[in-house]
Number of protein chains: 4
Amino acid sequence: MIHFESDYLEGCHPRLLQALCESNEMQTVGYGTDEICEEARSIVQNLCGGTKVSVHFLVGGTQVNKTVIAAALRPHQGVLAADCGHIATHESGAIEATGHKVLTLPAVDARLTARGVDEYCAEHFVSATAEHTVQPGMIFCSNPSEWGTVYTRPELLDLRAVCDRWGLLLYMDGARLGSALCCEQVDYDYAFLASVCDAFTIGGTKLGCLFGEVLVIRSESLNRDFRYILKQNGGMLAKGRLLGVQFRELLRDGLYLEIGRRENELAMMVKEDLTRKGYSFLYDSCTNQQFPIFPNGLVEKLSERFVFSDNGPTDADHRCIRICTSWATKKEDVEKLLSDIPAH
Amino acid sequence: MIHFESDYLEGCHPRLLQALCESNEMQTVGYGTDEICEEARSIVQNLCGGTKVSVHFLVGGTQVNKTVIAAALRPHQGVLAADCGHIATHESGAIEATGHKVLTLPAVDARLTARGVDEYCAEHFVSATAEHTVQPGMIFCSNPSEWGTVYTRPELLDLRAVCDRWGLLLYMDGARLGSALCCEQVDYDYAFLASVCDAFTIGGTKLGCLFGEVLVIRSESLNRDFRYILKQNGGMLAKGRLLGVQFRELLRDGLYLEIGRRENELAMMVKEDLTRKGYSFLYDSCTNQQFPIFPNGLVEKLSERFVFSDNGPTDADHRCIRICTSWATKKEDVEKLLSDIPAH
Amino acid sequence: MIHFESDYLEGCHPRLLQALCESNEMQTVGYGTDEICEEARSIVQNLCGGTKVSVHFLVGGTQVNKTVIAAALRPHQGVLAADCGHIATHESGAIEATGHKVLTLPAVDARLTARGVDEYCAEHFVSATAEHTVQPGMIFCSNPSEWGTVYTRPELLDLRAVCDRWGLLLYMDGARLGSALCCEQVDYDYAFLASVCDAFTIGGTKLGCLFGEVLVIRSESLNRDFRYILKQNGGMLAKGRLLGVQFRELLRDGLYLEIGRRENELAMMVKEDLTRKGYSFLYDSCTNQQFPIFPNGLVEKLSERFVFSDNGPTDADHRCIRICTSWATKKEDVEKLLSDIPAH
Amino acid sequence: MIHFESDYLEGCHPRLLQALCESNEMQTVGYGTDEICEEARSIVQNLCGGTKVSVHFLVGGTQVNKTVIAAALRPHQGVLAADCGHIATHESGAIEATGHKVLTLPAVDARLTARGVDEYCAEHFVSATAEHTVQPGMIFCSNPSEWGTVYTRPELLDLRAVCDRWGLLLYMDGARLGSALCCEQVDYDYAFLASVCDAFTIGGTKLGCLFGEVLVIRSESLNRDFRYILKQNGGMLAKGRLLGVQFRELLRDGLYLEIGRRENELAMMVKEDLTRKGYSFLYDSCTNQQFPIFPNGLVEKLSERFVFSDNGPTDADHRCIRICTSWATKKEDVEKLLSDIPAH
């Protein structure tokens, strides 16, 4: 079987594995206060350009989302997210377990819109009975979104403006950020994100790490005492240097973006070939997840040789599937897949 | 500098590193449902003998403690722990953040006593105003304890009996379990623990893993839907097989106990030599952490060449330090340390 | 000004006030364990017929909802509610603050449907990734609903069946239960509710009490240690007998239903008159809240003499308003209101 | 039987009952935004002198404590309390249910000392591993304390100074504040408390109200959005004016202090008589709770005619009992009690 069902099927990129092997016998202090983590932090800070940021390394995505939200909000505040947003649908109530409501807004192409947020806040903050409802305190956006779409520079500037208008924090979950930063529609970089977001993540698990998410925090009030809250949420890895080793390697010379570029190229091969063959897509993704709609018969036939995610029926005769590319995806496997898919 | 300050200074045991390297390119599903984790689960279940248990793999200790406690208790219940217990002192409020109070009891040699628990429960459950206080619902015990002491077989049977009497769950944090199981005072094994505890952990981080704790659950009601709660607490690793790979290697042929044995041997070298030289210890530890009391001058002098933890003054002229041995500690380094310590 | 904006504008029904005055000097123990509360409990238990139930008295609605939900659910579970349900929209995140997600379903006439719940559960419980989402553990329904509609006997039996199928608890918020029980569409009583719900409330605040909600619990597992959780949620009134005094008076000879009947009669006067005059209603309410749709001009004009709630525009020229009747509403005031409203 | 077991055995002071009766038919808006509450708020603000404060009315003590603490602390912070403090022992885990640890310090005469707090903070904030523990964020002190002792003016100024040094908030639970303010050792008033505390309560339940606690908040950051958090914690009474009516009456002309004075006088009758007769007391209380130590035989004999709380044995032959006086205690009942107690 050839696998396309996710971008975290393998261990880590060979360069990261080598770095882990080489540093294995080294002795360091724990909890991310070692010199390797310090180096990795410096690299991230440099990538963020002139903006002063704090950098933390966490193991996983649920963890980073719940920790940031818990640290950011007062008890009566909730976090605004697209209705398809990860924290609204797939965190097993992790956000609510920290005491906070996820306030969902209708997504447009799986993204929040500044206008939607603005209208929600305008209605909330002028209401005479606002105090009987949950106050929005933060925006959560995934970039790329859960459906592979990305936020453009003007969209992010608009979200920033609406955050400033209503006193919200802007937090971006970049679990697949490398793929977003390397796609054609995106003309910004880490430094832009550092200037526009109060906090964002650079996801490693889905781009070549064994595990790990970089959390970049610009907001000083959010960052105050953050490591206590990290520890409280089980997010402080004893051998924290494992995160430092991986991210130092991934970010020091652009390997992260190289991985993003490569997986996007393979995804575009899929997108262009299927478009040419007459298939449509549930969303117009420009990143490493593609969501083509196939006749049921084709889905069945492909399943004999390939593994992919099934996103359910779009009508009685068709289904949407997800095809993921990763650092480890082989070009010839993509070619095999495409050659098994006839014109529509 | 030669390091003795903790047992998680290095990466992982070479055999584990090799196993991680060999499996790196392998493709598996995520979240611990892969075949390697299944194999590792079977190994643990076999070690637990006739008792039917469920097995989960988590990344870290805070995580496993908060997840088990959150899963086990109803809102009005608290967890009984020794006043020096890890969850009472060193988890940054992680337990309280799940909504539960840590009810502390005076420790005897850093351990809970069945009698102490029994008296506490007797007082609580007969009180006419019990409902105005927190109901004990679980016992938390560390084995080895925070001070290196271990629970004996009769002590654990007594704790089990007191749990049965009052309807409490018995949970053992085995962050350094390998060291406990290999020390002279201990005549029990995994199977005994599986029969006596409702849940216990087999700690990997401090015994040769990059990271990882095995959680063994006997109680069916505790285990029901446990994976939801695991996910909610950020404890479900995307590439879960990393835990499976490590624990399969560590537990399949006794490597875990071999590591425990070796670090105990080195610790006993320290203990015997210092005892012979006339030093006393804060606690009579039989495991890989030793807590000798040294004159301030000696502490200062040793600090020039060695690193260890400082547990603070015991009187105006003496301090207690912690010396830790690990899988990676070199015998010659222990010898160097001891040769620098004169007779008292 | 004549007030119709809510049913809690005044203090309490004169009979309750008298009972409070008469018992004022009496000495009782606190926290609801006194003999008056015991009497009131017996009365409620008798009203519940053959079903064995436990009875608790709480001060307010938010309190009772959060306490029941906290007591009922394990950490990974959420509560299903109509999207217009009180706990989904108007509790300031009180439910999330107990750690639980409110899972909303599209309401039909402001009510949950058994079918909607069944489909949601079917999708959840068969999903291979269920554990990445929140597990439904309880149904919350308001009766009357937030829009004045009521559940019929068959609808409640269907909800019961779907609860049994999926292992959910059924909880009914009866903040205005007296109005529901006295409306024409309803052919059931307390005893039926006790047999069909795991828990339900008999609301006092909106039907003649100074404050107070009766909580009736049939589920023994939910009721276990409930008073601890009551206390923990700040729901245990020191002078608990104030609740006992009021509910004893309200429920001993049918005063509660008399109040419900009377406020429904006045509400039906409004409904029939406005229907005759050609106005439509946002919802077809048979209880003490009526939601007519008026031209903006009429709303403005009425506002000079009457106070009511404004539920916002239904189109550019019309608004929906809420008219509430209560135990204290005077018939002549309703007549004044209606005489000021011309035919449409 | 003659009752001395608590100060909340009866309903409310006759003047409050009359005020409730007179205002019963009045129509007001809900949730404490009515004109009566506004008047009561003004009265409290005037009592607080030059200090600008916000005033909220809540139903009960557990509620006010958990709401203030939840509003004040970030997730990693805990609240410092005396080990005998109400929130440490008698709130059924209400504080922990909001996610926060109660950090206990040894009490001196049931009070926190500035020195104890200072040492705790000094140790915490200089520690290299502070982030692995709970950060103190607030001081909770009861005045009078749980054992009837009071804080002196210099003690409170010292607590204020230590709060300023370490960035803590100072919160005083004044459940029986009227008794404290009227006792001989106390030379301060509401205005002083408003200037020295970030928040404090003026308790009504135990001084003549049916129920109710005034919460006075000086800290602007604590007060921001406080009403959302009030609502979230179930602390917003629908007919909020019931609190306004009571506190307006209680505070407008000094009735509150009159009650405090009277109950203190009766308590001093007890104290002086028993002292003269040779009995000792567990604590040297100057307020309305007295804790004499009696021979077991005397306790048994008195129990035939009188009811009081039993605080348990002080040795094999003696017990400590609690005698409470209240607004409703009759002087002749105190005389009867004392005449039944022989010289020691």
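A polar contact is a pair of N or O atoms within 3.5 Å; within protein, one of the two must be able to donate a hydrogen and the other to accept it, and residues adjacent in sequence count only if both atoms are side-chain atoms. By this rule, 28 residue pairs, both at pLDDT 80 or more, are in polar contact between chain A and chain B. The legends below describe a predicted model, in which local features need pLDDT of at least 70, side-chain atom pairs count only at pLDDT 80 or more, and totals for chains, interfaces and linings use all residues. Residues are numbered from 1 along each chain as its sequence is written, chains are lettered from A and ligands numbered from 1 in the order in which they are written, and side-chain values use heavy atoms, with hydrogens and water left out.

**Figure 1. Confidence of the predicted model.** The model has an ipTM of 0.96 and a pTM of 0.97. For chain A the average pLDDT (the predictor's confidence in each residue, from 0 to 100) is 97, and 100% of the residues score at least 70.

**Figure 2. The interface of chain A and chain B.** Chain A contributes 42 residues to the contact and chain B contributes 42 residues, where contact means heavy atoms within 4.5 Å. The two chains bury about 3,700 Å² between them, 53% of it on carbon and sulfur atoms. In chain A, the residues that lose the most area to chain B are A:Gln27, A:Gln232 and A:Lys239, together 18% of what that side buries. Buried area is the accessible area (1.4 Å probe) that two parts lose on being put together, summed over both.

**Figure 3. Salt bridges and secondary structure between chain A and chain B.** Two salt bridges cross this interface; the rule requires a side-chain nitrogen of Lys or Arg within 4 Å of a carboxyl oxygen of Asp or Glu. One salt bridge links B:Glu91 to A:Lys231, with the closest N and O atoms 3.7 Å apart. On the side of chain A that touches chain B, at least two residues each come from helix 1 (14–22), helix 3 (61–72), helix 5 (94–97), helix 11 (226–232) and helix 12 (241–252) of chain A. Helices (H or I, at least four residues) and strands (E, at least two) are DSSP runs, numbered from the N terminus. By class, this side of chain A has 20 nonpolar, 14 polar and eight charged residues. Ala, Val, Leu, Ile, Met, Phe, Trp, Tyr, Cys and Pro count as nonpolar, Asp, Glu, Lys and Arg as charged, and the others, Gly among them, as polar.

**Figure 4. The relation of chain A to chain B.** Of the contact residues of chain A, 100% recur in chain B, and the same surface serves both copies. Copies are superposed by least squares on the C-alpha atoms of residues with pLDDT of at least 70 in both.

**Figure 5. The relation of chain A to chain D.** Chain A is superposed on chain D by a rotation of 180° with 0.0 Å of shift along its axis (RMSD 0.0 Å). The C-alpha of chain A nearest the axis belongs to A:Arg74, 3.7 Å from it. Because 100% of the interface residues of chain A are also interface residues in chain D, the copies meet through the same surface.

**Figure 6. The interface of chain A and chain D.** The contact takes 22 residues from chain A and 22 residues from chain D, and about 2,100 Å² is buried between the chains, 47% of it on carbon and sulfur atoms. A:Arg74, A:Glu131 and A:Tyr228 supply 36% of the area that chain A buries against chain D, more than any other three residues. Of the two salt bridges counted between these chains, one joins the side chains of A:Glu131 and D:Arg227 (2.6 Å, N to O). Helix 3, helix 10 (220–223) and helix 11 of chain A give two or more residues to the side of chain A that touches chain D. The largest share, five residues, comes from helix 11 of chain A.

Figure 7. A:Glu38 and A:Arg41 form a salt bridge, their closest N and O atoms being 2.7 Å apart. These residues are separated by about one helical turn, because they are three residues apart in helix 2 (residues 35–47) of chain A.
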